[in-house]
Amino acid sequence: MQSKPLRIGTRGSALALAQAQETRARLMAAHGIDEDAFEIVVIKTSGDQIQDRPLSEVGGKGLFTKEIEEALLDGRIDLAVHSSKDMPTVLPEGLALTAFLPREDVRDAFISHKAKTLMDLPQNAVVGSSSLRRQAMIKRLRPDIEVVMYRGNVQTRLKKLAEGQVDATLLAYAGLKRLGLGDVVTSLLETDDFLPAVGQGAICIESREEDARTLELLAAIHDQETQVRLDAERAFLAVLDGSCRTPIGGLALVEGERMTFKGTILKPDGSVVHDIAREGPAADALALGRDAGEALKAIAGPNFLAS
């Protein structure tokens, strides 16, 4: 490596820092370089600063990436580490998702001191979640449950739960594992009943398309299977114009050279659900994801997503 440190941009939450540190550790191991060859640069995003209302009301996913991408474009950082599920489907010109780390468990975790599973919660229980997807899926399974907005980082949400502000919450199992908090999980929601967010469990790395030095370093830690799965999922999301305003779930799996894909869209109150399933060659991941999105859009009708 050159004498100039590689600057890794990230949000400042404990989970975001853990993901940046994992990326740094993988680069160190792959290239046999020391920790002082890197600098982790913390960037506060709009999404971190807005805590009093749902992100769907103020701009959606890009709120967690905008300031970091600005730092990439003007050269203040060399790469950015993101949770893939936070990434908009359209990136600024000149930037690309240039590496993915091996994907973690994609499931949602149910956490409660009052019940072992979501279905075991008492009638009219209160569940905290800021995700429209989780809110809609909870309401689909348990229409009696009151779902309340629940912003904040992982530790903040667990603290609110411990204080009794809600009876339960749902968090990504992958994030809990990366923070060493897997033991707080009461039970896991299987993907057959509760499809994850597109990209859930996957760390992606964004960089400048023309930055040959960074691209060469990242190639050594890139996981191709994760990229193929995310290609299908993000293509599906792009067709549906997915954002924080629409409850959407999607999951691609690869076995050998074959891919299976499942997708779902829901009304925010969980009252109407449309599902899709596709199977095909993993090499056709983008086309498979797009086809699933177009088919689901046709099934749901033109007014479903608009409403």
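Leaving aside its neighbours within four places in sequence, which residues is Leu176 in contact with? The legends below, for close-up views of a predicted model, begin with this residue.

View 1. Once neighbours within four places in sequence are set aside, the residues in contact with Leu176 are Ala109, Ile111, Val154, Leu171, Leu181, Gly182, Val184 and Val185. Leu176 has a relative accessible area of 0%, and because buried means under 20%, this residue counts as buried. Met87 stands 89 residues from Leu176 along the chain, and the C-alpha atoms of these two residues are separated by 20 Å.

**View 2. An open sheet of five strands.** The strands follow the order S2-S1-S3-S10-S4, and their pairing is mixed. At the edges are strand S2 (38-42) and strand S4 (95-100), each of which pairs on one side only. On average, and with direction ignored, neighbouring strands of this sheet are turned by 30° against each other. In general, strands of a sheet pair through backbone hydrogen bonds, in either a parallel or an antiparallel way.

**View 3. The pairing of strands S3 and S10.** Strand S3 (residues 79-83) and strand S10 (residues 203-208) run antiparallel and are joined by five bridges. Ala80 can be found opposite Glu206, a residue of S10.

**View 4. Helix H7 and its two faces.** In helix H7, which spans residues 212-219, the buried residues are Arg213, Thr214, Leu217 and Leu218. Seen down the axis of H7, these buried residues fall within an arc of 125°, and so they line one face of the helix. An α-helix has 3.6 residues a turn, so residues three or four places apart point the same way. The exposed residues Ala212, Glu216 and Ala219 are carried on the face of H7 turned away from the buried side. The buried residues of H7 pack against strand S1 (6-10) and helix H1 (14-31), and also against S3, S4 and S10.

**View 5. The largest nonpolar core, with another core apart from it.** The largest nonpolar core has 20 residues, of which Phe236, Met259, Phe261, Ile265 and Ile276 touch the most other members. Two or more residues of this core come from each of helix H8 (224-239), strand S11 (248-255), strand S12 (258-266) and helix H9 (285-300), and H9 gives the most, with six residues. Another core, of 18 residues, lies apart from this one and includes Leu118, Val127, Ala136 and Ile138. In soluble globular proteins, nonpolar side chains tend to be buried together.

Notes. Residues are numbered from 1 along each chain as its sequence is written. This is a predicted model: local features need pLDDT of at least 70, side-chain atom pairs count only at pLDDT 80 or more; totals for chains, interfaces and linings use all residues. Side-chain values use heavy atoms; hydrogens and water are left out. Buried means under 20% relative accessible area, exposed over 50%, partly exposed in between (1.4 Å probe, protein chains only). Contact means heavy atoms within 4.5 Å. Two strands pair if DSSP finds at least two bridges between them. Helices (H or I, at least four residues) and strands (E, at least two) are DSSP runs, numbered from the N terminus. Axes are lines fitted to C-alpha atoms, for helices over the stretch in contact, and angles run from 0 to 180 degrees between N-to-C directions. A nonpolar core is a set of buried Ala, Val, Leu, Ile, Met, Phe, Trp, Tyr and Cys residues joined through side-chain atoms within 4.5 Å. The arc is that of the directions from the helix axis to the C-beta atoms.
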